Amino acid sequence: MSRLEAIEEYAKALKLGQKEVRECQFRNRPTNPAVLHQVAGELAADKSINIGLVDIPANRIVGTKSAGRTSAFTADFLPLLDLDTEFATKWMNLYDAHVSNEGIREPIVCYEYLGDFYVQEGNKRVSVLKCFDAARIPGIVHRVMP
């Protein structure tokens, strides 16, 4: 796998992300992932139970646990940061791993609330896998009890 291919894939994903933001703005929809703390309340994650490793439907991953990294992604986890950032480099490294024999093996960590999933760890993994139209993404899930 050449680095040039990873750069091209990131540039393509970035362009799609920028397009998604424009479309969301036009339709008056959120441009970034939802945030669990804003949806369920600040202490929601404290009322959770660990349900272990689950194959999560990719289309049910709708946000992040906290607001810290939401500006790096569109609502559908496409990248939004420039090609010359550390974020882009890490994204491209994950891309390389995914298309190689190695693959992306480490599960994400997320919280499930009312059937939707919010990523705590693994946002870039979700981004890369969604760019490949992954149907399911393995994750260690904590279910938030409403």
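This is a predicted model: local features need pLDDT of at least 70, side-chain atom pairs count only at pLDDT 80 or more; totals for chains, interfaces and linings use all residues.

Residues are numbered from 1 along each chain as its sequence is written, and side-chain values use heavy atoms, with hydrogens and water left out.

The largest nonpolar core has 25 residues, of which Y10, I56, I61, W91, I108, V126 and I137 touch the most other members. By nonpolar core I mean a set of buried Ala, Val, Leu, Ile, Met, Phe, Trp, Tyr and Cys residues joined through side-chain atoms within 4.5 Å; buried means under 20% relative accessible area, with a 1.4 Å probe and protein chains only. At least two residues of this core come from each of α1, α3, β4, β5, α4 and β6, and α3 gives the most, with five residues. Helices (H or I, at least four residues) and strands (E, at least two) are DSSP runs, numbered from the N terminus. Another core, of five residues, lies apart from it and includes L36, Y111, Y113 and Y118.

V126 is in contact (heavy atoms within 4.5 Å) with I61, F77, I108, V119 and I137, leaving aside neighbours within four places in sequence.

Which strand holds D116? D116 lies in β5, residues 116-121. Not counting residues up to four places away in sequence, D116 touches R60, V62 and Y111. D116 and Q38 are 78 residues apart in sequence and 14 Å apart in space, C-alpha to C-alpha.

Note on methods: Buried means under 20% relative accessible area, exposed over 50%, partly exposed in between (1.4 Å probe, protein chains only).
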